[in-house]
Protein chains: 2
Amino acid sequence: MQPNQIDVHDTADERLRRDGQRYTANRRALVDAMASADRPVTVVELIDVATGMPQSSAYRNLSVLEDAGVVRRLVTADDTARFELAEDLTGHHHHHLICEACGTITDIDVPTDLEDGVATFAASIAMSHGFRIEHHRLDLIGVCPACSTAAS
Amino acid sequence: MQPNQIDVHDTADERLRRDGQRYTANRRALVDAMASADRPVTVVELIDVATGMPQSSAYRNLSVLEDAGVVRRLVTADDTARFELAEDLTGHHHHHLICEACGTITDIDVPTDLEDGVATFAASIAMSHGFRIEHHRLDLIGVCPACSTAAS
DNA sequence: TTTACTGCAAAGGGTTTGCAACATG
DNA sequence: CATGTTGCAAACCCTTTGCAGTAAA
């Protein structure tokens, strides 16, 4: 169902080259870190895993990877960006469950019929507003079990 | 269908008082500015309307208004927060159409059946993940007509 | 040997906060 | 007159950038 790890790196390499960029050790480390996380991660989390990488390199490389379509940057309520591999690399279309207390994001799958409903709706809005719609976002926002417990 | 302007101010006043806060001229100006905009607005836009208000006051008051449940803060791809009146003040549940080129957000209405589908989905996720779900977000993201034209 | 990448340090830019003066209940 | 509010200026924090050196094609 999902492309394996090797495919992810190959594709990343290919997309970077297409942009005249190189798939360096730092960039591979970032991709690895994101591939092994099951949720979008912050720059700080990425740096913790890729030991010793300076923040500036992390940011710069993430930006290159984003431009090449390898990673996606998410911004939610708290002002820290989170990064995940592009969906066409993981082969896994998903949405997000967000805890507004701690900011953690969890991946969730959406039933096909709901997904279809969103697609139909998107098409109609594209038509009526003259908008070119690239993608959509369906987030459920609330408080995770851990934060619920902590608060009480 | 919608509560009128006076109700919005009354409700804002009431919710602030509940928090031991006052509904001052600055805060009223912010609420007015948001009520007369048909989309979420940035702090800079709010300041332009409420002439002379220092940024620090705008931020501080928006934060108080958010805590009181009068306004909602949105963060999207560009790193500038946007503010809108809480849905239970305007009586208008809606979602957003976001231009990833200029960052502008437009309000859109979602058909009832799709909305129901999202609600059902949210309930099932709440159950399976032990999450308390407060609200949801369905954004369509792409490029607006103006930016499409500008780019070509 | 040219072009991209690195890492340090410094700057940017949106947002928050300390503090003294002010205004409201 | 006690408590909330204002506005200035400075601090904050995440993020970006200049630059000199390094590595890859």
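1. Arg132(B) sits in strand β6 (residues 132-143) of chain B. The model is predicted. Arg132(B) is partly exposed, because its relative accessible area of 44% lies between the 20% and 50% cut-offs.

2. Look next at the surroundings of Arg132(B). Leaving aside residues up to four places away in sequence, Arg132(B) touches Gly142(A), Val143(A) and Ser148(A). Within chain B, the side chains of Arg132(B) and Glu134(B) are joined by a polar contact of 2.4 Å. Ala122(B) is 10 residues away along the chain, and its C-alpha atom is 9.7 Å from that of Arg132(B).

3. Which strands make up the sheet, and in what order? The order is β5(A)-β4(A)-β6(A)-β6(B)-β4(B)-β5(B). The sheet is open, has 6 strands and shows mixed pairing. Its edges are β5 (105-108) of chain A and β5 (105-108) of chain B, each pairing on one side only. From one strand to the next, the twist averages 30 degrees.

4. Strand β6 (residues 132-143) of chain A and β6(B) run antiparallel and are joined by 11 bridges.

5. Helix α6 (residues 112-129) of chain A lies across strands of both chains: β4 (95-99) and β6 of chain A, plus β4 (95-99), β5 and β6 of chain B. This helix runs at about 130 degrees to β6(A). Helix α6 (residues 112-129) of chain B also packs on the sheet. It touches β4, β5 and β6 of chain A, together with β4 and β6 of chain B. Its direction makes about 130 degrees with that of β6(B).

6. In chain A, helix α2 (residues 25-36) packs with helix α4 (residues 55-67) at about 80 degrees, their axes 10 Å apart. The two helices are therefore roughly perpendicular. From α2(A), the contact uses Asn26(A), Arg27(A), Leu30(A), Val31(A) and Met34(A). From α4(A), it uses Ser57(A), Ala58(A), Asn61(A), Leu62(A), Val64(A) and Leu65(A). By class, there are 7 nonpolar, 3 polar and 1 charged residues.

7. In chain B, the axes of helix α2 (residues 25-36) and helix α4 (residues 55-67) come within 10 Å and cross at roughly 75 degrees. That makes α2(B) roughly perpendicular to α4(B), since angles of 65 to 115 degrees count as such. Contributors to the contact include Leu30(B) and Met34(B) of α2(B), and Leu62(B) and Leu65(B) of α4(B). The class count is 7 nonpolar, 3 polar and 1 charged residues.

Notes:
Residues numbered from 1 in each chain as written. Chains lettered and ligands numbered in written order. Predicted model: local features only at pLDDT ≥ 70, side-chain atom pairs only at ≥ 80, totals over all residues. Heavy atoms only, no water. Axes fitted to C-alpha atoms, helices over the stretch in contact; angles between N-to-C directions. Helix = DSSP H or I, 4+ residues; strand = E, 2+ residues; numbered from the N terminus. Parallel < 35°, antiparallel > 145°, perpendicular 65-115°, else oblique. Contact = heavy atoms within 4.5 Å. Nonpolar A, V, L, I, M, F, W, Y, C, P; charged D, E, K, R; others polar. Buried < 20%, exposed > 50% of the residue type's maximum accessible area, 1.4 Å probe, protein only. Polar contact = N/O pair within 3.5 Å; in protein donor to acceptor, adjacent residues only side chain to side chain. Pairing = 2+ DSSP bridges.
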